[in-house]
Amino acid sequence: MSETTRTNRRIVLAERPRGAPTPASFRLEETPAPVPAEGEALLRTLYLSLDPYMRGRMSDAPSYAPPAALGEAMPGGAVCRVEASRHPDYRPGDLVLAYSGWQDYAVSNGADLMKLDPALPRPSYALGVLGMPGLTAYGGLLDIGAPQPGETLVTAAATGAVGSVVGQLGKLKGCRVVGVAGGAEKCRYAVDELGFDACVDHRLPGLPERLAAACPQGVDIYWENVGGAVLDAVLPLLNPKARIPVCGLIAHYNAETLPPGPDRIPMLMGMILRRRLHVQGFIVFSEYGDRYPEFLREMSAWVRDGAVKYREDVVDGLERAPEAFMGLLEGRNFGKLVVRVSE
């Protein structure tokens, strides 16, 4: 197919959602595919990553990154194949990691591209365990969490893209690992496949009591990527000098107002003071981008040896990305969510 006959499907941000995104938040468009200029490469999307942070990009509230523009393709990382190239460093057939968004085709001048090793067990792993989610778990847990043998680590979203890696790294460092996940099947997977010591289903009643029973020695590290009821259940269990790496708050991403009830900030701040808690948020590439080669070397070895297992939830078809993304925010995915756009 010639460059002039290619059609580019793209999913654009149609409106900024109030609360949870709906199908009306997105629009599927067809446009002529871009043609690479001198010094550019044409990319064909193979796999698109869907991640919770994208909900923040749909808002125009101040954040650590610019919002998605109305009428433009939703942003996101992707594994792409170079289809045509006028760039000296890229040849047709090369596999690259790009931030090219929710679309079939994109052009790049190479500044945002990273060549991928053809020997990857799956190219889509570059969007998960060997990509941004894996680096998030690796940097945040080892640096901020600083796990020590015999400590208790609790991770929310325990079977998700980040939490599943956090828990397995905790086991490699000698911790007792307790996961929190939604549903019996996910909890069984965390224990039987990932090697967690226990996993608590947050959908059942009595979460605080059941989590306390699973953590008889209290909690030394709490990996925070959810907030909400899980944080409520963990707080009373935190040991003095517990560490809390904060990489997300998915339970609150669709909220437009503060939750009802009394102001709980004094209680939280008092606990931070009395128990000398270390609570630290981080943005993965700002803090740990320079450690990517180290991370990739170590994590690749763990994946190759089976010390770290990984599960993907693969959805076929770019047109299904909005539905899959809305499900992600509700916890319907099981593993790292990716869209297979093209073979």
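Colleague: Are Phe282 and Tyr288 buried or exposed?

Modeller: Buried means under 20% relative accessible area and exposed over 50%, with partly exposed in between (1.4 Å probe, protein chains only). Both Phe282 and Tyr288 are buried. This is a predicted model: local features need pLDDT of at least 70, side-chain atom pairs count only at pLDDT 80 or more, and totals for chains, interfaces and linings use all residues. Residues are numbered from 1 along each chain as its sequence is written, and side-chain values use heavy atoms, leaving out hydrogens and water.

Colleague: How many aromatic pairs are there?

Modeller: Rings of Phe, Tyr and Trp (its six-membered ring) pair if their centres lie within 6.5 Å; planes under 30 degrees apart count as stacked, over 60 as edge-to-face and the rest as tilted. The count by this rule is 10. Tyr138 and Trp302 form a tilted pair, at 6.4 Å centre to centre with 50° between the planes. The rings of Phe282 and Tyr288 are edge-to-face because their planes stand at 70°, with centres 5.7 Å apart.

Colleague: Which charged residue lies over the face of Phe334?

Modeller: A charge sits over a ring if NZ of Lys or CZ of Arg is within 6 Å of the ring centre and within 35 degrees of the ring normal. Arg311 lies over Phe334, 3.6 Å from the ring centre, and Lys115 lies over the face of Tyr90 at 5.4 Å.
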